[in-house]
Amino acid sequence: MRIGVAGIGAVGAEVARSLDRGDVPECGLSGIAARTAKKAAALNENLRHPVPVRDFADLAEASDCVIEALPPALFGDLAEPVLRAGKHLIVLSASQLLGRDDLISLADETGGRILVASGAMLGLDALNAANVGKIHTVKIVTRKPIDGLVKAPFVARSGIDLTALREPMQVIAGSVTEVAREFPANVNVAAAISLAGLGPDRTHMEVWADPSLTRNTHSVEVTSDSSDFTMSIQGRPSAENPATGIITARSVIALLRRFHSTLQVGT
Ligand SMILES: NC(=O)C1=CN([C@@H]2O[C@H](COP(=O)(O)OP(=O)(O)OC[C@H]3O[C@@H](n4cnc5c(N)ncnc54)[C@H](OP(=O)(O)O)[C@@H]3O)[C@@H](O)[C@H]2O)C=CC1
Ligand SMILES: O=C([O-])CC(=O)C(=O)O
């Protein structure tokens, strides 16, 4: 399988290096998309097999599957050519899928597929299983160190100085739909949870800034007619982007391995 990687920040660069190392034997890197030639050249220098730098349309053509690891605002610019070409799109910026039923229709027409990676989240398997029956409630609480929230549009616009915080502070609460507008880079896990479960309007979310934390923490409570469960994950932030946990890139590699594995464990 030819894999293209769009965006070579904290997630994309690590996925590219991992594929280049042969971590998924049946998959090869077909190219990367980057904002600057300099950054792409620096990544290529560290790959055993350097790859072409491509624009989004070219990457879609040259790949069977494209990993979207871009700033949220660029999601649609990549998703459309990839799905129009009938290819697989692995989505990291899951918050940008909310309300984009047009992309699902496009993929239906072309034979493309949209795969939302588990990313920094756990338990999507249990949520999918519960959703076969009736889910009653889903609530997610995201707590992050200050570094992971300072660049969020809501924080920048409201003028809140999170760096002065000494105690945990709830910065926003509401439906995932509402919170996604203000914290696009911190709502991907909640978006994935909502897409697997009750949908973004009925999934409740809180975001907390906590100066005592060193890890990105997501806790989810689910009640349903088959089971009630609580899940919690403490992700170590990546060095390159503190809003992004290290496990995110690894979830993409695990997803690609799953495509080709004879033995699959979990739903
Ligand atoms: N689903 C999940 O659980 C998670 C999802 N995410 C999401 O995944 C996405 C990627 O995250 P992350 O890697 O941390 O983000 P980064 O900001 O570290 O990386 C994004 C990369 O995209 C590059 N880029 C910017 N403009 C373009 C362009 N026009 N063409 C190609 N590349 C471009 C940036 O380049 P430059 O640096 O030069 O600007 C940067 O290298 C984000 O939307 C994030 O919110 C993150 C963590 C968990
Ligand atoms: O915890 C992380 O790594 C990222 C995160 O909050 C998100 O994208 O929703």
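A residue is buried if 20 or more other C-beta atoms lie within 10 Å of its own, exposed if 12 or fewer, and partly exposed in between, with C-beta atoms placed from the backbone. With 27 C-beta neighbours inside 10 Å, Asn-188 counts as buried. The model is predicted: local features need pLDDT of at least 70, side-chain atom pairs count only at pLDDT 80 or more, and totals for chains, interfaces and linings use all residues. Residues are numbered from 1 along each chain as its sequence is written, while chains are lettered from A and ligands numbered from 1 in the order in which they are written.

**Domains**

- The protein chain is assigned domain 1 (2-119 + 247-259) and domain 2 (124-235). Such bounds come from an automatic or database domain assignment.
- Between the C-alpha centres of domain 1 and domain 2 there are 24 Å.
- In the contact between them, 11 residues of domain 1 meet 13 residues of domain 2. Two residues are in contact if their C-beta atoms, placed from the backbone, lie within 7 Å.
- The side of domain 1 that touches domain 2 has seven nonpolar, four polar and no charged residues. Here Ala, Val, Leu, Ile, Met, Phe, Trp, Tyr, Cys and Pro count as nonpolar, Asp, Glu, Lys and Arg as charged, and the others, Gly among them, as polar.

**Ligand shells**

- Ligand 1 is surrounded by 32 residues, and the closest are Gly-7, Gly-9, Leu-92, Gly-119 and Thr-244. A residue counts as near a molecule or strand if its C-beta atom, placed from the backbone, lies within 6 Å of it.
- Both domain 1 and domain 2 give at least three residues to the shell around ligand 1.
- Helices α1 (10-21) and α9 each supply at least two residues of that shell. Helices (H or I, at least four residues) and strands (E, at least two) are DSSP runs, numbered from the N terminus.
- The shell around ligand 1 divides into 19 nonpolar, 10 polar and three charged residues.
- Around ligand 2, the residues include Ala-120, Thr-142, Asn-186, Asn-188, Asn-216, Gly-235 and Thr-248.
- The shell around ligand 2 has four nonpolar, eight polar and no charged residues.

**Annotated binding site**

- The unreviewed UniProt entry places a "binding site" at Ala-120 and Asn-188. UniProt positions are given in the numbering used here, feature names are shortened, and annotations may be inferred rather than shown by experiment.
- These two positions span 69 residues in sequence, yet no two of their C-alpha atoms are more than 8.5 Å apart, so they gather at one spot.
- Ala-120 sits in the loop between β5 (113-116) and α6 (124-130). Ala-120 is buried, with 25 other C-beta atoms within 10 Å.
- Beyond its neighbours within four places in sequence, Ala-120 has contacts that include Val-189, Asn-216, His-218 and Gly-235.
- Asn-188 belongs to helix α9 (residues 188-196). Leaving out residues up to four places away in sequence, Asn-188 touches Leu-92, Ser-93, Ala-94, Ser-95 and Gly-119.

**Helix α9**

- Nine of the nine residues of α9 are buried, so the helix is largely enclosed by the rest of the structure.
- The buried residues of α9 pack against β5, α6, β6 (135-144), α8 (176-182), β8 (203-209) and β9.

**Annotated active site and its hairpin**

- The unreviewed UniProt entry gives His-218 the annotation "active site".
- His-218 is found in strand β9. His-218 is buried, with 24 C-beta neighbours inside 10 Å.
- Not counting residues up to four places away in sequence, His-218 touches Ala-120, Met-121, Ile-140, Thr-142, Val-189 and Ile-233.
- Strands β9 (residues 216-224) and β10 (residues 228-235) run antiparallel and are joined by eight bridges. Two strands pair if DSSP finds at least two bridges between them.
- β9 and β10 form a hairpin, with three residues between them. Asn-216 stands opposite Gly-235 in β10.

**Two loop positions**

- Glu-26 lies in the loop between α1 and β2 (28-33). Glu-26 counts as exposed, with 11 C-beta neighbours inside 10 Å.
- Glu-26 and Arg-257 are 231 residues apart in sequence, yet 8.2 Å apart in space, C-alpha to C-alpha.
- Pro-71 is placed in the loop between β3 (65-68) and α4 (75-84). Pro-71 is partly exposed, with 13 other C-beta atoms within 10 Å.
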